[in-house]
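Please read these notes with the model open beside you. They are meant for a first look.

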Amino acid sequence: WDGTTFSRNLRLPHADGRASITAHDDHCRVELQLSDLRDLAPAVSRLRRMLDLDADPVAVADTLRATLPVDRIPGLRSPAAFDPAETAIRAVLGQQVSVAAACTAAGRLAVGGPHFPSSAQIAQMDSAVFAMPRRRAATVIELAARLADGTVVLDPGSDWDEVERSLLEVPGIGPWTAKYIRMRALGDPDVSLPSDLGIAKAARARGLDADDLRWKPWRSYAMHYLWNLEN
């Protein structure tokens with residue numbers, strides 16, 4: 001992110017690629033560099049999902065407007081992951097540290113190649129390469145191993161409840177991380193994160209319950225509004 005454009009490398013079915021996305025008032029402009037044109041459709045599909053472009057912002061706003069100032073940030077989306085496994089690993093890297101520290105930890109893993117390492121690659125790493133407490137490094141490696149062998153499956157069609165259960169079976173992954181992965185990696189529109197400090201603070205400032213059932217079935221969007229209000 002350079003302040004205007006978000007860019008990332010893409011690992012696609014046939015070859016590598018790269019996308020640059022610039023937001024405008026009524027659209028997003030995407031420039032794609034593809035090594036194989038057969039990857040055009042999957043790249044566009046995954047980018048649309050990442051940007052939550054198929055959401056219904058009117059339905060979301062109609063549900064949340066009674067309790068949240070949705071018109072202050074009209075059309076806010078709940079972005080998903082281009083690479084669900086990468087997002088899951090990043091979520092664990094970011095446990096109990098600042099965003100800056102999490103980015104630094106993820107950046108260390110990505111050094112030496114065009115892509116964030118695959119789950120199989122991370123599963124084979126020595127915990128010493130992670131600049132973090134040994135227990136959290138072990139969690140990263142164990143999650144990567146379970147992603148690589150199919151014990152944890154983060155496909156778009158996966159059952160959200162089953163994925164959350166499988167994540168909670170990974171030593172070191174708690175409810176916040178499992179639900180965050182459910183929101184960001186799987187695109188579940190109705191995830192609540194009441195234990196998140198920023199969300200709890202923003203909700204409390206407005207006399208709201210951080211897990212207000214009036215936000216169903218769009219609680220993920222409510223979380224994003226609260227995060228933005230807090231910031």
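1. Ground rules. This is a predicted model, where local features need pLDDT of at least 70, side-chain atom pairs count only at pLDDT 80 or more, and totals for chains, interfaces and linings use all residues. Residues are numbered from 1 along each chain as its sequence is written, and side-chain values use heavy atoms, leaving out hydrogens and water.

2. Arg8. Find Arg8 in strand S1, residues 5–11. Strands here are DSSP runs of E, at least two residues, and helices are runs of H or I, at least four, numbered from the N terminus. Is Arg8 buried or exposed? Arg8 counts as buried because its relative accessibility is 18%. Buried means under 20% relative accessible area, exposed over 50%, and partly exposed in between (1.4 Å probe, protein chains only).

3. Neighbours of Arg8. Leaving aside residues up to four places away in sequence, Arg8 touches Arg18, Ala19, Phe82, Asp83 and Glu86. Contact means heavy atoms within 4.5 Å.

4. Aromatic pairs. How many are there? The count is two. Rings of Phe, Tyr and Trp (its six-membered ring) pair if their centres lie within 6.5 Å; planes under 30 degrees apart are stacked, over 60 edge-to-face, the rest tilted. Trp176 and Tyr180 are stacked, at 4.9 Å centre to centre and 10° between the planes. They sit four residues apart in helix H8 (residues 175–184), so about one helical turn separates them. Trp176 is partly exposed at 27%, and Tyr180 is buried at 17%. Trp218 and Tyr221 pair edge-to-face, at 5.8 Å and 75°.
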